[in-house]
Amino acid sequence: MNPFSSGTRLRDMIRAIRACKTAAEERGVVRKECAAIRAAISENDQDYRHRNIAKLMFIHMLGYPTHFGQMECLKLIASPGFPEKRIGYLGLMLLLDERQEVLMLVTNSIKQDLNHTNQYIVGLALCALGNIGSAEMARDLAPEVERLLKFRDPNIRKKAALCSIRIIRKVPDLAENFINPAAALLSEKHHGVLITGVQLCIDLCKISTEALEYFRKKCTDGLVKILKDLTNSPYAPEYDVSGITDPFLHIRLLRLLCALGQDDADASDAMNDILAQVATKTESNKNAGNAILYECVATIMSVEDNGGLRVLAINILGRFLSNRDNNIRYVALNMLMKALAVDSQAVQRHRATILECVKDTDPSIRKRAVELVYLLVNESNVKPMTKELIEYLEASDPEFRGDLTAKICSIVEKFSPEKIWYIDQMLKVLPKAGNYVKDEVWHSLIVVITNASNLHGYAVRLLYRAVQAAGEQETLVRVAVWCIGEYGDILVNNAGRLDIEEPLTVTESDAVDVVETSIKSHSFDLTTRAMCLIALLKLSSRFPSCSQRINDIIVQYKGSFVLELQQRAIEFNSVIERHQNIRPSLVERMPVLDEATYSGRKAGSLPAAGSTSQGVSVNLPNGVAKPSAAPLVDLLDLSSDDVPAPSSSGGDFLQDLLGVDLAPVSSQSGTNQAQKSGTDVLLDLLSIGTPPANSSPSTTQVSPSNVDVRSPVDLLDRLSSPSAPSVQVSSTAGSSPMLDLLNGFPSSPSIPVTEGNCPAYPSIVAFDSSSLKLMFNFSKQPGNPQTILIEASFTNKSQEVLTNFIFQAAVPKFLQLHLDPASGNTLPANGNGSITQKLKITNSQRGKKSLVMRIRIAYKVNNKDVLEEGQINNFPRDL
C-alpha cells in the first residue's frame, strides 16, 4: 500500500513524520500527505473522509496550513453516524474559529444535533457551540441551549451551562433569558452541574444588574448553606485535593458571594458567619487551602463593613507574608495594597513584616513591598520607616536601588516634619545612592536650603563632610559645589553653628580644593563641571586671598575641547581680571527661591507664559527665545521650565544672577525708557554706553534679533562666539564704540534697510528636510553692492502644526548679519501658509570670499522639541 494514500492510517503518518531527521524532510512528508488528502477530497472519497480529517488535525497542530479541509468537517458533521460526527466536530473546533464565514454553514447542523435523540450527539453539538460559537450562532441557538439546561441527563445540563456562559458573553442582551434556569442549577446535587451553575451565575452578575438583584434576594441563603455544608463535610476522596475538600467549588462559591455582598448590607450580614468559619477552619499549610483563604480574604474585603472580619482577613495576609512560597507572598502584598484603603490601622500592624519583604531576594516581591511601604508611610511613622529604608539602601542590589531611592526621596519630601530633618535624610541618601537621584530631587533640596537661612552653615558643613567621604556621587557633588559657591564664607568662618554639630575647621584653600577636585574628575558630566566653574567665580569674590589661584584654575579651561567649558572659562577669566568693579554684584548670593512657586512649577500647575496662542503674554521675535534644555537654566532656574514666568521680563536670569532689578527695555525703534541701576550694571558688564535720549528713529539701542534673553552667559555668548551675529549698537557722534567682553572689537554701525528693492538674483532652496523647506529670495540696495537683503520663507511639509518656531543663523567673521523679527511663530501643516523673515548681510570681502551660513531651526511638534541644523553653501555667484 502506498504509505501516502488516503487509506494510510493516522499512526503510520505520525510514525513517518517522527522518523524525519531534518525540517526539510518533515516538510516533504507533510506535503505528500496533504497532496494525497487533496486528491481524496477532489474524488469525494467518503470511506476515508474521517481518517483524512484526523490527519489534517495532526498536521494543523504541527503548524502547517489545513484550510482546504474545512468543508470536509462540515460534511462529516452532516453525516448520520456518531463516529463521523465526533471527528467532524473535533475538526471544526481545531481547524476553524468564530471569525470564519464558513462557520455560518454549520449553524443548521448544530441546531439539528441539539434536538437529536442521542444524548452523546447533543453533547458534541454543545461542546462545539461552547468553544467556537459566534454572536450570530448564539442568537440563533440560545432557545435550544436554554431548553437543555433542564435536560434529564446531568452531563448535558453541565455542558449546556458552559455553553450558556459563552452565549451571554457574546450576546449580553440574552442574559435575562438564563436567570431562572441558572438559579435552578444552584439546587443541583450533581457536582459538575453545581460548579458550572455557580460559574454561570457569576457571569450573569457581571453582565446584568437585574440578575444580580435576583440572586441577592433568592439565592444568598442557599449559597451560604451550600458553603457551610461544604466546609463541614467529611472527607470525600472523589473531590479531595491535598486533604482539602473540593477547593474548586469552594473558590467559585466565594467569588459568587463576593459579587452578591458588594454594596449590599443585607447580603453581607447573611454571609459574615460562614466567611469567618471558612477563614478559621481552612488549613493554611497546603496550597489548596491557601487558595481558599486568599479568595475568602478577597470576599471579606469586598463585602460591606465588618471590622472584626477585616482584621481577621488582614491577619491571614500577614501569615501569608511569612510563607516561604514567593507566589503566596506576592499575592498577599497585592491584597494588602487593596486592604490599605479599607483598614489602614490593621495593615500597619504588619509593618515590620512588610519591611522585611523589601529585603527579599525576589525582585518582584521587593518592588511590590516598596510600593506598599510607600503607601503605609504617614506623619506618625515617617521617621522610623525612613530610617529602615535608608539603612537597607546601601546593601540593596544596583538594579533595585533606583526604585528604592525614588520612593525614599518622595517619602522624605512629602512627610518631612521639619527642614533640618529633611536636609539630614537627603544627605544620608545622596552619599549612598546619589547617582540614582533624579534632577528634580536635588533641585528641591537646594530650594529648601536657600529658604532655611538659619541652616545655611549647617547644610554647607554637612555637605562638605559628605563630599569628602563620597566624592564619586555626582548628584551630591552638584549640591555641595552649589552650596560651597553660595555659602563658602559661612563654611570658612564656621558661622551659624548648631549645638548638635561637631567642630569643623575649613580654610579657604580647603573649600577651593573640593571644587577643584570635582572639576578635574573625568567621570562627571558637563553640567557638574560647569557648576564648578560658576562656584569658582563666586569664591573668587568671597575669598580674595585665593582669587589668583582660582583664576589659574579657570584659565586651564580656556583651551578646553568642550565648547561650553571653554566659553565659560574665557568669560569668567575676563570678569576676574578686567571687571573687578562689578564682580561683587555679579556673584552675590542668589535670592531666596520661593518654595510654593517652585513646587507648583514642578507639578506643572503654573500656566506656560511663553504660549504662542494669541500672543498675549510674551511676544519674542525669532532668534530671541529661550531653549528648553540649556545647562545654565538648570543652574540658575532650578525648575527647568521651558518658559519664563508670566510676570518675568527678558532679564529674569540676569536679575537672579546679578541680584538687581532690571527694567524691561522697549524693542520699538526710537523709544527710550529710563534705565534703573541694574541696567547700568549690565551695560557696564557688556561695555555698552547708554544711548542718548534723542537717538535717531532709524537706529535702536540693541538690535532685538541679536539679544537673547535665555541667560546672562548666553548674552556673553552672543558677544564672544566668532560665528554668532554681532550685537549692533546705535552709534552717534561722540559715543564710544562697543567693546567686546573678551578682547574688544569695534561694532559695526547698524545699516538701515531700504524697502522696495526687486530681486536681482534667482531664488534658491536653502534648506530642505522631511518636514521643512526654506527658500531665500535676494535683492540689493542701489549703490551698495556689499549689502545683500534676503527674504527667508519657511514652509511646513509635514501633517502636523509646528509651534514655537525659532530661526537662528551664524556667519564667519568677515560677514555681518542682521535678522529682523519673523512674521510669526506657528507654521500650518501641509504647506497651508508660511513664515517670512528678513535678513541683511554685509560682506566686507565681496569678490574675495563667497557667502556661507550655518542655520539652526527649532520648533515643537505635539509639545516635543525638535532641532534641525544645516549649512548653506549654494548662494548665487557674484552675490
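Start by selecting helix α1, residues 10–18, and colour M13, I14 and I17: these three are buried (under 20% relative accessible area, where exposed means over 50% and partly exposed is in between, with a 1.4 Å probe and protein chains only). They sit on the same side of α1, because they cover an arc of only 100° around the axis (the arc being that of the directions from the helix axis to the C-beta atoms). Helices here are DSSP runs of H or I with at least four residues, strands are runs of E with at least two, and both are numbered from the N terminus.

A word on what you have open: this is a predicted model, where local features need pLDDT of at least 70 and side-chain atom pairs count only at pLDDT 80 or more, while totals for chains, interfaces and linings use all residues. Residues are numbered from 1 along each chain as its sequence is written, and side-chain values use heavy atoms, with hydrogens and water left out.

**Around α1**

Stay on α1 and turn to the other side, where R11 and R15 are exposed. What covers the buried residues of α1? Show α2 (23–42) and α3 (49–61), which are included in that cover.

While α3 is on screen, pick R49, which is found in that helix. R49 counts as buried, because its relative accessibility is 8%. Leave aside its neighbours within four places in sequence, and R49 is in contact with N44, E72, K75 and L76 (contact means heavy atoms within 4.5 Å).

**A patch on the surface**

The areas come from the Shrake-Rupley method with a 1.4 Å probe, and for residues only the protein chains shown count as cover. L94 belongs to helix α5, residues 82–95, and is partly exposed because its relative accessible area is 32%.

**Salt bridges**

How many salt bridges does a search of the whole structure find? The count is 26, each being a side-chain nitrogen of Lys or Arg within 4 Å of a carboxyl oxygen of Asp or Glu. Here are some to visit.

- Zoom to R368 and E371, whose closest N and O atoms are 2.7 Å apart in a salt bridge. They are separated by about one helical turn, because they are 3 residues apart in helix α21 (residues 363–376). R368 is partly exposed, at a relative accessible area of 21%.
- Move to D513 and R549, where the side chains meet in a salt bridge of 2.3 Å, N to O. This pair links distant parts of the chain: D513 is in helix α28 (residues 508–519) and R549 is in helix α30 (residues 547–555), 36 residues apart. D513 is partly exposed at 31% relative accessibility, and R549 is partly exposed too, with a relative accessible area of 25%.
- Go on to R568 and E564, a salt bridge with its closest N and O atoms 2.7 Å apart. Both lie in helix α31 (residues 563–578), 4 residues apart, or about one turn of the helix. Is R568 buried or exposed? R568 counts as buried, because its relative accessibility is 0%, whereas E564, at 24%, counts as partly exposed.
- Finally, select D439, E474, R478 and D525 together to see a network of linked salt bridges.

Switch to cartoon and select strand β9, residues 853–861. Strand β6 (residues 803–810) pairs with β9 in the antiparallel sense over 6 bridges (two strands pair if DSSP finds at least two bridges between them).

Pick R854 and you will find its bridge partner, Q871, in β10. β9 and β10 form a hairpin with 2 residues between them, and N862 in that turn has a positive phi of about 55°.

**Zooming out**

Show the whole chain to finish. There are 37 helices and 10 strands, and buried residues make up 50% of the 879 residues. Of the contacts with a separation of 6 or more, 67% come from residues 24 or more positions apart. The accessible surface of the chain comes to about 40800 Å², of which 50% belongs to carbon and sulfur atoms.
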